[in-house]
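Dear colleague,

Please find below the structure I promised to pass on, followed by my notes on what turned up in it.

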Amino acid sequence: MIGLRAIAAALLAAAASTAGATAASEAFATAFADPAAWNASGSDDVDAALHRDGDALCLAFDFHGVSGFASMRRRLPVEYPANYAIAFRVRGDAPANALQFKLVDASGDNVWWGVRPDFAFPREPRALRFKKRQLDFAWGPATDRTLRRSEFVEFTIYAGRGGKGEACFDRLAFETLAPEPATWPAPRASASSSLDGAPPSLALDDESKHAWRSDPRRGREQSFTLDFGTRREFGGLVLRWTDDAPATRYDVELSDDARHWRGVRHVDAGNGGADPLALPESEARYVRVAMHAGPKDGYGLAAIRVEPLSFGASTNAFFGELARRARRGLYPRGILGEQTYWTVVGTDGGHESGLLSEDGALEVARGGFSIEPFLLDERGHFTTWADARITHALRDRYLPMPSVRWSLPGVELDVAAFAAGGPGDSRLLASYVVRNTGTQPRALTLALALQPFQVNPSVQFLNTPGGVSPIGSLAYADRAVVVDGRARVYTRDAAERFIASAFDSGMIAERLAAPTPAVPLAEAVADATRLASGALLYRLELAPGASRTIAISVPLDAGATPPLDGIGSDDALDAERARVASYWHRVLDRVTLRLPASARPLADTVRTALAHILVS
């Protein structure tokens, strides 16, 4: 009897789920039929209004030069099945801004969302689809963050570039999906050729001593194919090549029938070893690696690992996974998903500002790339922020002129940053002082690495999303690092060498830390993945107690002042720093706070906070 009751309960639950899914599908299909059911709203000083355009409902907005949002919302109660997807079409005539699709519960306090940051609104309708796993819990007091029922649906435009325009939505649809299996079938492998004793199956056992090897007599055009047995989702691949026979130029292709293939990733300058490949939202039965070139006629693939959807969920998620698998310190703390501390560096009333992290990385502009220091010693030991004891300070305790000190056995590195100039003509100035605190001479190399990472961490997702900041090309000319075709970083002290690397050849920190690079380092690079990195290298010969200062300048505005003006020597740099400090004292010291000595940090904090308000 108990078994019959359980079966009956399961059948009733399944019937209820089916009925709920059918009701949701019908409700979504008619969501735009009645414009009066929708309400438009905007944050302070933001205009939002609705109008009909054919079958679409359009949200017109004007940010009037401020940050904030414009949104359209309606009541649309939905009960959710075990697995589902929600789709709609969007078009518009508007600057790129964040597009947010939200589902809100009856309380209005708990919100789930799918976000497309910096969304470029197409003139023709474009279909967007969010699966259950792509709708994240955004905020709210709920302890159970599984979306089981929502009361409202909302479309929001959040200011990125701001401006004004309109976004039009139609064909809102709800789709019930089959549950994902707990485990996927083991894939089968095949190849265009194989050597005796080295079949394709050896690349599936994850044993580095075993590998598939192609027959070099069959030429350089070879392929390796995975058959999943069924159409499945995945987020990327990691290919681990043998040391002696990697493919350095190849394509990754997907197919559902092993006849019609679609290319999803091209590698042009691989460096062997392990190749991590993000393939966001991939879905296929077959995966093929089509190899075209390598150091030898044959190829050796020791392992191919299929990564879950989370691996390629976003560029931040991808780099977070790479950082967790790498030596600590080769990636910034923020990319690891850890909360990192930073402080703002800018001028009073400036249009742009930078950030200096607790570890000494300098973000060159809001949302921009960063410059991170590393040290190499005479024995080839590579030192990162994770190896040092780090302390921090503000000049005169409270001025917005931060510094970071790395303390290491026999060596100190001081990183200090400040902003000079005024609105429309400001620049970041940074100095790197390497000091030999030991009793023996030292031969050190300071590497200032330009990396496609913000100081603003990847856990930051509101206002200015943190994490990755793309770099498409790097070069060094006339004592300036040229980033994406524009001189961005000016070096007072000519670098002994500038090196650059495309992502497929390895991140610059990993390549500097490697004893011998698998691929020669370039002096300039153009990277189709827009994840290039590079480094300025300074060779330092330091006697006991001696130090050397390296200085750089980063324009924040396209002003008339030459970027290196006034910092041609260490004395000139100190004089410019003192001038800026004097200005901030005049601004921040106008009010005297009489407090006991124990409360001095409170007064300092008030002044620093005021400076940050003036900067930002």
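Arg-405 counts as partly exposed, at 32% relative accessibility, where buried stands for under 20% relative accessible area, exposed for over 50%, and partly exposed for what lies in between, with a 1.4 Å probe and protein chains only. The side chain of Arg-405 meets that of Asp-414 in a salt bridge, 2.6 Å from N to O, and Asp-414 is buried, with a relative accessible area of 15%. A salt bridge here is a side-chain nitrogen of Lys or Arg within 4 Å of a carboxyl oxygen of Asp or Glu.

Before going further, please keep in mind that this is a predicted model, in which local features need pLDDT of at least 70 and side-chain atom pairs count only at pLDDT 80 or more, while totals for chains, interfaces and linings use all residues. Residues are numbered from 1 along each chain as its sequence is written, and side-chain values use heavy atoms, with hydrogens and water left out.

The structure holds 50 salt bridges, and a few others deserve a look. Arg-435 forms one with Glu-412, with 2.8 Å between the closest N and O atoms. Because Arg-435 lies in strand S27 (residues 425–436) and Glu-412 in strand S26 (residues 411–422), this pair ties together parts that are 23 residues apart in sequence. Helices (H or I, at least four residues) and strands (E, at least two) are DSSP runs, numbered from the N terminus. Arg-435 is partly exposed, at a relative accessible area of 23%, whereas Glu-412 counts as buried at 18%.

Glu-576 and Arg-579 also meet through their side chains in a salt bridge, at 3.2 Å from N to O. These two residues are three apart in helix H4 (residues 570–588), which means that about one helical turn separates them. Glu-576 is buried at 12% relative accessible area, and Arg-579 is partly exposed at 44%. Elsewhere, salt bridges that share partners join Lys-131, Arg-133, Arg-231, Glu-233, Asp-256, Arg-262, Glu-281 and Glu-283 into one network.

Turning to the strands, five of them form an open sheet in the order S2-S3-S11-S5-S8, with antiparallel pairing, two strands being paired if DSSP finds at least two bridges between them. Strand S2 (47–53) and strand S8 (126–131) are the edge strands, each pairing on one side only. Strand S5 (residues 84–93) and strand S11 (residues 164–176) run antiparallel and are joined by nine bridges, and within this pairing Arg-91 has Cys-168 in S11 as its bridge partner. Leu-57 has its place in strand S3 (residues 56–62) and counts as buried, at 0% relative accessibility. The C-alpha atoms of Leu-57 and Pro-125, which are 68 residues apart along the chain, are separated by 12 Å.

Finally, the lining of the largest cavity includes Pro-332, Arg-333, Asp-359, Glu-372 and Val-455. A cavity is a set of points, on a 1 Å grid over the protein atoms alone, where a 1.4 Å probe fits but cannot get out, and lining residues have an atom within 4 Å of a point. The structure holds one cavity of 30 Å³ or more, and the largest has a volume of about 90 Å³, a volume being the space filled by probe spheres set on the points, which are joined across faces, edges and corners.

With best wishes

Technical notes. On a 1 Å grid over the protein atoms alone, a cavity is a set of points where a 1.4 Å probe fits but cannot get out, and a pocket is an open set with protein on both sides within 12 Å along at least five of seven lines; lining residues have an atom within 4 Å of a point.
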